[in-house]
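Dear colleague,

Please find below the structure that I am handing over to you. My notes on what was found in it follow directly after.

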Amino acid sequence: EVVRLIQLLNGFGDISALETTDEEGKTAFMIAAERNRPDMMEILLNKGAKINCLDKYGKSSLHRAAAK
């Protein structure tokens, strides 16, 4: 999964792709936090992912990580 994530991120020239959300408003960083994937979180952070975004329920990455 990590290798695939790196490949996908390297294919995007625009970092705004990091803030793309799913139907619940979750970013890739939120999903990585929710799934307890610090390795992926680190990669996303190094690529410029924002950590303070909120989903459509008003939850942040920290909320999602703490809920697990």
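I begin with Thr 27, which, neighbours within four places in sequence aside, is in contact with Leu 18, Glu 19, Thr 20, Thr 21 and Cys 53. This residue belongs to the loop between α1 and α2. Thr 27 counts as buried because its relative accessible area is 3%, under the 20% cut-off. Please bear in mind throughout that this is a predicted model.

Overall picture and confidence

The protein chain has four helices and zero strands, and its elements run α-α-α-α from the N terminus on. Of its 68 residues, 28% are buried. The chain exposes about 4600 Å², of which carbon and sulfur atoms supply 55%. Among contacts between residues at least 6 apart in sequence, 60% join residues at least 24 apart.

The mean pLDDT of the chain is 82, with 76% of the residues at 70 or more. Confidence is lowest in helix α1 (residues 2-11), where the mean is 65, and highest in α2, where the mean is 89.

The nonpolar core

Which residues make up the largest nonpolar core? There are six: Leu 18, Phe 29, Ala 32, Met 40, Leu 44 and Ala 49. Two elements, α2 (28-34) and α3 (38-46), each give two or more residues to this core. As background, nonpolar side chains in soluble globular proteins tend to be buried together.

Helix α3 can be described face by face. Its buried residues are Met 40, Ile 43 and Leu 44. Seen down the axis of α3, these buried residues fall within an arc of 95°, and therefore they line one face of the helix. Pro 38, Glu 42 and Asn 46 are exposed on the other side of α3. The helix is followed by Gly 48, which has a positive phi, near 105°.

Setting aside neighbours within four places in sequence, Ala 28 is in contact with Leu 18, Thr 20 and Leu 44. For the pair Ala 28 and Leu 44, the separation is 16 residues in sequence and 7.8 Å in space, C-alpha to C-alpha.

Ser 61 lies in helix α4 (residues 61-66). With a relative accessibility of 5%, Ser 61 counts as buried. Not counting residues up to four places away in sequence, Ser 61 touches Phe 29, Met 30, Ala 33, Ile 51 and Cys 53.

Salt bridges

How many salt bridges does the model contain? The count comes to five. In general terms, side chains of opposite charge can pair when their charged atoms come close.

- Asp 55 and Arg 64 form a salt bridge whose closest N and O atoms are 2.4 Å apart. Asp 55 is buried at 6% relative accessibility, and Arg 64 is buried with a relative accessible area of 10%. Through salt bridges that share partners, Glu 24, Lys 26, Glu 34, Asp 55 and Arg 64 are joined into one network.
- Lys 26 and Glu 24 meet through their side chains in a salt bridge at 3.5 Å, N to O. Lys 26 is buried, its relative accessible area being 11%, whereas Glu 24 is partly exposed at 27%.
- Asp 39 pairs with Arg 37 in a salt bridge, with 2.9 Å between the closest N and O atoms. Asp 39 is partly exposed at 29%, and Arg 37 is partly exposed at 22%.

Yours sincerely

How values were computed:
Residues are numbered from 1 along each chain as its sequence is written. This is a predicted model: local features need pLDDT of at least 70, side-chain atom pairs count only at pLDDT 80 or more; totals for chains, interfaces and linings use all residues. Side-chain values use heavy atoms; hydrogens and water are left out. A nonpolar core is a set of buried Ala, Val, Leu, Ile, Met, Phe, Trp, Tyr and Cys residues joined through side-chain atoms within 4.5 Å. Buried means under 20% relative accessible area, exposed over 50%, partly exposed in between (1.4 Å probe, protein chains only). A salt bridge is a side-chain nitrogen of Lys or Arg within 4 Å of a carboxyl oxygen of Asp or Glu. pLDDT is the predictor's confidence in each residue, from 0 to 100. Contact means heavy atoms within 4.5 Å. Accessible areas come from the Shrake-Rupley method with a 1.4 Å probe; for residues, only the protein chains shown count as cover. The arc is that of the directions from the helix axis to the C-beta atoms.
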